[in-house]
Structure formats: structure tokens, C-alpha cells
Amino acid sequence: MHLLNLGILAHVDAGKTSLTERLLHSAGVIDEIGSVDIGNTRTDTLALERQRGITIKSAVVSFPVDDVTVNLIDTPGHPDFIAEVERVLGVLDGAVLVVSAVEGVQPQTRILMRTLQRLRIPTLLFVNKIDRRGARYDDLLTALSERLRAAVVPMGSVEGIGTRAAGFLPGLGPGAPAVLAEHDEELLAAYVENTVSYDLLCTALAAQTRQALVHPVYFGSAITGAGVDALIAGIKELLPAAEGDPQGPLSGTVFKVERGLAGEKVAYARMFSGTLRTRDRITFGDASDTGGIREEGKVTSVSVFDHGTDIGSDSVPAGRIGRLWGLGEIRIGDSIGVPRKAVGHFFAPPTLETVVVPGPDADRRALHLALTRLAEQDPLIGLRHDDVRQETAVSLYGEVQKEVIQATLAEEFGVRVTFRETTPLCIERPAGTGAAAEFIKKDANPFLATVGLRVEPGPVGSGVRFGLEVELGAMPYAFFKSVEDTVRETLGQGLHGWRLTDCVVTMTHSGYSPRQSHAHQGFDKSMSSTGADFRGLTPLVLVEALRRAGSQVYEPMHRFRVEAPADTLGALLPVLAALRAVPRTTETQGSLCVLEGVVPAAQVHGLERQLPGLTRGEGEWESAFDHYAPVAHGIVPERPRADHNPLNRKEYLLNVTRRVA
């Protein structure tokens with residue numbers, strides 16, 4: 001039996017979930033097609049998804065196509081939930097990118113296609129809604145090629161487009177040989193000699209699709225079923241089957257974590273090698289986050305997907321997706337067994353932040369638990385607890401995500417909250433080099449530890465690197481580890497309260513008091529160094545070194561693309577300038593004008609709201625995170641500290657040691 005793990009991706013409202021329903025119906029898995037409007041689809045299982053008519057969480061269903069079992073993963077279309085899409089991409093064998101025949105190529109379509117091409121995931125295009133008024137064919141094919149910068153191969157023609165009777169007639173278009181010949185020398189020679197055969201074209205099409213060199217395009221309608229049978233045939237014939245040796249070393253990736261009916265964790269994992277069996281003891285986790293130490297756990301139960309649902313099983317072999325029970329500490333992104341090569345993030349991290357404000361009757365402990373559960377399912381919401389102010393901040397991609405978090409807390413956890421105004425999520429980088437040190441029993445140091453640190457800038461994008469200029473054997477390794485862990489934790493808040501990154505921290509001095517005890521007595525903590533001494537002293541030394549180095553606050557910048565009528569440019573440019581947007585290129589395409597440039601992330605939401613009024617509703621906005629830039633206008637933004645504030649030595653020591661040295 002062949003397996004295929006297939007992702008369905010699209011911009012919002014392209015009809016992705018409706019297509020999933022149609023595929024399940026065509027395969028005989030369901031008797032009746034669910035409706036997004038009614039809220040009875042197979043993959044939108046959350047109450048909030050059914051109420052809003054949008055996909056928020058990825059969902060897995062399965063259907064057979066002859067001898068191929070397809071595990072289909074339905075993903076969110078709204079850009080605020082791009083993190084959910086990111087987690088799915090790493091487990092796919094192929095994808096179907098859905099585009100509306102009416103709205104055409106949208107900003108999210110371009111972002112998704114660029115990522116699919118970068119990851120070389122074989123992708124079919126399905127142009128949906130050909131039965132809708134305003135549906136297009138010829139100019140949309142041109143737009144797919146030009147705006148997606150993709151080699152597209154039409155897999156048929158459309159008759160009756162824009163009517164309820166619209167149909168798709170399968171068959172390679174006349175332009176297919178020219179597109180395919182660009183990547184195949186044998187086909188190119190036959191094309192020049194005018195001896196191209198249909199079999200040669202089909203062979204080249206399958207090979208190039210599986211290498212993600214070309215992208216077959218199908219037209220159809222998820223509502224009427226037009227073109228869906230041709231798409232199913234393409235899924236079977238053109239996309240590659242899942243690979244993996246069931247007898248090889250165990251290796252898999254967790255792409256989703258949810259809670260079961262009893263509150264237990266359930267992990268969704270794609271196995272790339274080996275076979276995972278019930279009652280197996282396995283290692284999992286990200287060793288880079290835990291100092292090389294990975295978690296261990298026993299799998300108590302597993303299920304696999306078949307004929308539209310998951311069924312209990314004894315094992316999950318390579319190539320399959322399974323649900324796993326019993327791994328209480330497992331997280332999204334964890335490797336199971338032998339870790340696979342890290343690929344990093346496919347999309348930019350969140351660039352916005354807001355503070356959660358509990359309602360008047362909200363239980364703070366219940367709110368904390370609920371937010372922690374949400375962070376398990378979406379780690380990029382980045383919870384930040386401020387114990388001093390009793391506040392919790394969350395990271396966001398946009399305002400819709402904030403509304404969904406609010407509704408989820410109310411409906412699933414019974415906790416009502418509001419939010420403060422959304423603010424940009426800045427970072428800090430060292431402005432220069434600085435060093436500081438404190439020694440045992442000197443300079444009013446109340447800790448039995450000597451720590452010296454130097455902070456200096458690192459390459460952009462390098463994160464935080466920690467090194468030693470002292471011998472590793474100069475003191476117990478546990479003390480060095482305490483210093484390194486505390487350095488990384490402390491850098492979560494720089495001089496202005498933002499996460500400090502792209503720096504190198506070097507330990508320049510070390511010292512400790514060896515284990516001592518009184519006669520006939522046990523270990524005396526007051527005479528011997530402990531890890532707590534190094535954890536307590538390190539923030540003071542690090543912040544002093546950082547003070548001497550100085551730090552610069554950087555705000556997130558988005559690259560933007562605006563397509564609007566040329567005669568609205570006069571109204572648009574002053575607004576862009578007022579919101580600190582900097583156009584870099586301007587291009588006129590007939591009656592349209594295309595502006596590209598950069599804008600502070602804090603201004604994106606405001607621009608999106610103003611654009612329809614400025615462009616008579618004809619403007620199209622596209623933006624995505626591009627880089628961080630130094631804050632050069634107005635007051636440098638400060639972020640309230642959520643630690644014991646090592647910037648104030650007296651306050652810090654009162655909080656940490658309950659005394660002032």
C-alpha cells in the first residue's frame with residue numbers, strides 16, 4: 001500500500017475546506033458533503049471554527065485513491081494562523097494550493113507558494129469556484145505564472161465558466177510542451193524537431209512535478225464537483241509517495257499537540273523512519289533547548305488515519321501519521337527518536353504583543369492554566385508572565401488571532417478577558433562591547449561566586465552565543481551551566497526591557513568556595529558555593545556589562561506591496577509618509593500602479609484599514625516581516641520588566657536575597 005501525506009493550503013475563503021469535503025465525498029468516505037456556512041464539515045471540529053467559518057487549527061483526515069492512502073491535512077488560510085501552516089509543511093510529501101477563480105492570486109497565495117518552492121514540496125494548483133460569476137481562466141493562468149513566478153502547466157480547459165454548469169475538460173494544454181522542455185533535454189530535442197509524443201509529455205510532467213520544477217493547474221468547483229476527479233487523478237499519478245524504511249532507526253516529528261477528553265496530551269507525529277509501537281519507550285524533544293538532554297516516555301496508545309478517521313493500531317510505520325498518547329512532556333516541533341536535520345522557521349515570527357487583562361470575575365489561576373494550554377498548541381504565542389504586576393503578555397500575528405484567543409478562553413475555558421492595545425514586539429542588540437566582574441567577598445558581593453562576563457555584538461541573525469575564556473575545569477561544570485542558563489534567561493530583557501539578541505557573551509572570570517562542613521556536621525551552605533549563588537550573581541554582572549556596552553532598540557519592519565489605481569496615488573502617498581512607510585519602487589502597469597517598500601509593523605493594521613477608502617475599494621495590500629531596523633523616531637520604546645530588575649541593585653538584592661549587601 002502506498003502512502004501520501006498531502007497538505008491543502010490556500011488564502012482565506014478560497015474554498016479549501018469545501019474542497020476537502022468534496023475529496024472525501026468523491027472517495028466514498030462521507031455520504032454527505034459538509035458546509036462551512038452550516039458548520040458541519042469534517043475538518044473544522046472546533047466550535048469556534050464552525051461559528052466563524054474559518055479554519056484555525058490543522059486537521060488530519062484520510063481517504064483512499066485506488067491503492068494509495070492519502071492523509072490529507074487541512075490548514076488555516078488566514079495569515080494570522082500562519083504558524084499552524086508552518087508546523088505542517090515539514091511533514092508533507094506534496095501539496096494542493098487552492099486559488100479562487102474570482103479573487104485570483106492573493107497576498108497569502110504568494111507567501112505560501114514562495115515557501116512551497118523554497119522547500120521544494122511538489123505542488124498542484126487547483127483553481128476553485130469556476131461556477132461563480134466573475135470567474136476567470138486565461139488571464140488567471142497568466143497571473144499564476146507571473147505573480148507566483150512559477151512554471152504552470154494547464155491540465156485542461158473550462159467550458160461555461162462563470163455559470164452553474166461550468167465544467168472542466170481534462171487534457172494537456174498547447175503550451176505544456178514548451179514549459180516542460182525547459183527542464184528536459186530529451187523533450188527539448190523532440191520539441192525542436194516537432195516529434196513530441198503524448199507519452200513523453202506525461203513522463204516528463206510526472207518527473208518534473210515530483211521535483212517541484214513545474215506545477216500542474218486544475219480548474220473546478222468544490223461545490224459542484226467539476227474538475228475534482230481530474231485533481232484526484234493528478235494527486236495519485238503526479239505526487240510522490242511517502243518514503244521511509246519501516247525497519248530503519250526510529251525517527252519522526254511532532255507537528256500538532258492537543259488535549260484529549262480527559263485532559264491528556266495527544267501528539268500528532270509523522271514517522272520518517274522505523275516503526276513506533278504501543279508500549280515503546282522512546283526519546284523525544286529538542287536537545288538544543290535542554291543542554292543535550294532529551295525527554296523519555298512510554299507510548300501507551302496509538303492510532304493511525306484511515307477512511308476519514310483515526311483508528312486504533314498497534315504501530316505507526318514509516319510514512320504514516322499517528323496520534324500518540326502517554327507522552328506528557330511532548331511539545332510541538334519535538335523530534336521522536338533520531339532527530340532530523342533542523343530546518344528553522346519557514347515564516348517570520350510574530351511581531352506584535354498584547355497584555356491579557358482578566359475580566360472582573362476571572363480566576364487568575366484558571367487564566368494561567370488556560371493560557372499555558374493554548375501555548376502548548378501554539379508555542380509562538382510566546383507567553384510572558386510578569387509576576388510583579390501579575391500580568392501575562394502574548395505574541396501575535398494580527399488582530400484576528402487576538403479575537404480568536406479571546407473567544408477560545410471564554411468558550412473552552414470559561415475565562416473572560418480583554419486585551420490592551422497591540423504594540424510592536426521590538427528587540428535589542430548591543431551597541432558596543434562591555435565587561436564587568438564581581439569577586440567573592442569583594443565589592444559588597446553577597447554571593448559565594450565569582451563571575452566575570454563580556455558582552456559584544458554578534459552577526460545579525462546569530463542569536464545568543466556563550467563562550468568561555470576560563471578553563472572548564474576551574475570549577476564544577478554545574479556552576480558553568482548555571483551561569484550560561486542564567487545569561488540566556490536574563491537576556492530575555494535588555495536595558496529597555498526587550499529581548500536582547502545577536503550577541504556574544506564570554507565568561508572571563510570564575511571562582512567558587514569548595515564544599516565545606518563543620519566538624520561532625522553536614523554540608524554548610526553558608527560556607528560553600530551552590531548553583532543558586534551563580535544564578536543570583538550572574539544577572540547583576542551581565543546587566544553591568546551590558547550597561548557599559550550600551551544597547552540599541554530595533555523595531556520590526558514589514559515589506560509591503562500595494563497595487564492600486566494610478567489616479568489614487570496622490571491620496572495614497574501622503575498617508576504612507578505619515579505612517580513612516582518608505583516606498584522603494586513605483587511601477588505603472590496600465591491603469592494600475594504598484595508600490596513596494598517597507599513600513600513599521602506597528603502601522604500595518606492601520607494601513608490595511610485605510611486602504612479601501614483611499615483606493616475606492618480597488619487597492620490590494622500585501623505585507624510580511626522583512627527585518628528589524630533601529631528605532632529612529634520619537635521616544636525609544638520601553639517594555640516593563642518582568643524579572644527582579646537587576647538594573648536596580650538594591651531592589652534586585654531585596655527581591656533575591658531579602659537583604660541589601
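Helices (H or I, at least four residues) and strands (E, at least two) are DSSP runs, numbered from the N terminus. This is a predicted model, where local features need pLDDT of at least 70 and side-chain atom pairs count only at pLDDT 80 or more, while totals for chains, interfaces and linings use all residues. Residues are numbered from 1 along each chain as its sequence is written, and side-chain values use heavy atoms, leaving out hydrogens and water.

Now select H12 itself, residues 477–490. Which of its residues are buried (under 20% relative accessible area, with exposed being over 50% and partly exposed in between; 1.4 Å probe, protein chains only)? They are Phe479, Phe480, Ser482, Val483, Thr486, Val487 and Thr490. Look down the axis: the buried residues of H12 fall within an arc of 155° (taken from the directions from the helix axis to the C-beta atoms), so they line one face.

Next, show H13 with helix H16 (residues 649–657): they pack at about 165°, axes 11 Å apart. Axes are lines fitted to C-alpha atoms, for helices over the stretch in contact, and angles run from 0 to 180 degrees between N-to-C directions. Color Arg535, Gly536, Pro539 and Leu540 of H13, plus Arg649, Tyr652 and Leu653 of H16, to see who makes the contact (heavy atoms within 4.5 Å).

Finally, zoom out: the protein chain has 16 helices and 34 strands.

Notes: The expected span of a helix is 1.5 Å times one less than its number of residues.
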